[in-house]
Amino acid sequence: MEMSSETSLAAVMQAENPLQLVGVTNAYHAVMAKSAGFNALYLSGSGVATASYGLPDLGMTTLDNVLEDVRRITSVVDLPLLVDVDTGWGGAFMIARTMKEMAKAGAAGVHIEDQVQAKRCGHRPGKQIVSSAEMCDRLKAAADAKAHDDFVLMARTDAIANEGVDAAIERSVAYVEAGADMIFAEAVTELGDYRKFRDAVNVPILANLTEFGKTPAFTIDELASVGVDIALYPLTIFRAANKAAESVLKIVRAAGTQRDIISVLQTRDELYEYLEYHTYESKLDELFDAESDDATSR
């Protein structure tokens with residue numbers, strides 16, 4: 001699948017900097033995100049594991065599991081989608097297949113990380129990382145398999161927790177030399193460290209602003225001041241929806257009715273507006289009218 005410049009990450013990054021990249025865990029939330037004005041989307045590996053399979057983010061989902069959610073999202077919105085592919089699900093051949101299949105599914109790019117195959121959430125303790133050389137091999141395999149120039153290969157480093165900022169920067173420089181187009185430095189705690197990464201790698205960098213993690217909720221202006229190119233909110237929508245669902249479940253179970261929470265629910269009309277339901281319905285009416293006319297004329 002060839003990607004037009006209008007749907008590439010590079011194009012939207014030129015128009016919006018730092019680019020606000022919002023994570024979605026299903027196709028409907030993707031539709032809502034586009035309506036809210038976001039210009040690019042993100043699919044989290046953790047989001048796929050949790051939302052689609054009810055599993056923790058511990059490397060328990062497969063390439064095909066993630067591809068299914070990619071296809072669902074790209075089929076309904078034309079925004080560029082960055083996809084978390086964890087460690088690439090295997091060696092060089094599997095990483096190459098991951099790159100090709102993601103492009104076919106309509107992704108605008110992926111990020112691959114330097115954790116071991118038995119990975120953990122990036123903001124949890126106990127992470128283990130591979131050598132810089134092994135990660136560079138992953139990136140070389142991925143870069144060789146890029147389907148087109150616009151497809152983004154982003155390298156994520158989880159090395160800060162184990163080796164410190166300077167070592168993570170050194171790794172990132174090597175990752176760019178191995179073929180990474182952008183850098184994702186995980187679990188940054190100091191705003192100024194982003195400037196160190198940006199100056200060293202001289203390619204776009206991403207700040208992961210996941211809630212309840214190691215990184216503070218920096219503002220767009222703060223991130224812009226230190227050269228950050230992408231501000232990622234990977235699971236904010238998901239967490240908000242989960243909290244609302246938890247509250248509603250408790251209320252309905254205790255009260256035996258949803259009468260008192262109607263005002264906080266998305267209405268049927270609001271749902272229909274996002275889905276352009278009435279447009280589809282009108283086309284259906286036209287089809288039946290045409291069939292009726294055909295039957296009458298026979």
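1. Thr215 sits in the loop between strand 7 (205-208) and helix 10 (220-225); helices (H or I, at least four residues) and strands (E, at least two) are DSSP runs, numbered from the N terminus. Its side chain reaches the backbone oxygen of Val188 at 2.7 Å.

2. A word on the model: it is predicted, so local features need pLDDT of at least 70 and side-chain atom pairs count only at pLDDT 80 or more, while totals for chains, interfaces and linings use all residues. Residues are numbered from 1 along each chain as its sequence is written, and side-chain values use heavy atoms, leaving out hydrogens and water.

3. Now look at helix 6 (residues 132-144) and helix 8 (residues 165-177), which pack at about 30 degrees with their axes 9 Å apart. Axes are lines fitted to C-alpha atoms over the stretch in contact, and angles run from 0 to 180 degrees between N-to-C directions. Helix 6 and helix 8 are therefore roughly parallel to each other (angles under 35 degrees).

4. Who touches whom here? Ser132, Met135, Cys136 and Leu139 of helix 6 make the contact with Arg171, Ala174 and Tyr175 of helix 8, where contact means heavy atoms within 4.5 Å.

5. Finally, the axes of helix 4 (residues 63-74) and helix 5 (residues 92-104) come within 11 Å and cross at roughly 15 degrees. Helix 4 and helix 5 are therefore roughly parallel as well.

Key. Polar contact = N/O pair within 3.5 Å; in protein donor to acceptor, adjacent residues only side chain to side chain. Parallel < 35°, antiparallel > 145°, perpendicular 65-115°, else oblique.
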